[in-house]
Amino acid sequence: MACAGSTEPMLDVALELHPQVALRPEPFGALAYHYGNRRLVFMKHPDVVAVARQLADHPSLSATLQACAIAPERWPSFAKAFESLKSSEIVRER
Amino acid sequence: MDHETVSESTASTLEVVGEASGEADVSGITDTLIDDELLIEEISIDGMCGVY
């Protein structure tokens, strides 16, 4: 597990869902809408939604992934996804 | 008609099919699909009238 964290710096960042973001559950996962910048993002897997909702409860993205029982081999994909969500301001550093 | 012969051949055919199919390991394929799949997709709604 330490290897995944060393190659993906995003995994060590403390994140939270932006307060201006609303998540609408969908069969594929959820729609995330930012009322401030009006960006709309499809979260195409329920695991991404679960992680996003629990970000504020854990000290880092990797801790959140571990709490959500996400397999370590998937962590790089999630790190990239949350990097993109951070760019879209759907999640932010805290 | 020789029903015994037909049923025996059918059974032997089914046995052969069963042995040939085996147990395919799809867990790796599923994990690969999950990893390669886009987890998020940003949609542009610029120009959509009535969207606030």
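Reader: What share of the contacts in chain A with a separation of 6 or more joins residues 24 or more positions apart?
Author: In this predicted model, the share is 55%. A contact means heavy atoms within 4.5 Å.

Reader: What makes strand S3 of chain A mostly covered?
Author: Buried means under 20% relative accessible area. Six of the six residues in S3(A), residues 29–34, are buried. So S3(A) counts as mostly covered. For chain A, 50% of the 94 residues count as buried.

Reader: How do you know that S2(A) and S3(A) pair?
Author: Pairing needs at least two bridges. S2(A), residues 21–26, and S3(A) have six bridges. Therefore they pair, in the antiparallel sense. A:Val21 stands opposite A:His34 in S3(A). The two strands form a hairpin with two residues between them.

Reader: Why do S3(A) and S4(A) count as a pair?
Author: The cut-off is at least two bridges. S3(A) and S4(A), residues 40–43, have four bridges, so they pair, again in the antiparallel sense. Here A:Leu31 stands opposite A:Phe42 in S4(A).

Reader: What lies between S3(A) and S4(A) in their hairpin?
Author: Five residues lie between the strands. In this hairpin A:Arg38 takes a positive phi near 60°.

Reader: Which residues of chain A have pLDDT under 50?
Author: Residues 1–5 do. pLDDT is the predictor's confidence, from 0 to 100. The model has seven contacts beyond four places in sequence for this stretch. Chain A averages a pLDDT of 92, and 94% of the residues score at least 70.

Definitions and conventions: Residues are numbered from 1 along each chain as its sequence is written. Chains are lettered from A and ligands numbered from 1 in the order in which they are written. This is a predicted model: local features need pLDDT of at least 70, side-chain atom pairs count only at pLDDT 80 or more; totals for chains, interfaces and linings use all residues. Side-chain values use heavy atoms; hydrogens and water are left out. Buried means under 20% relative accessible area, exposed over 50%, partly exposed in between (1.4 Å probe, protein chains only).
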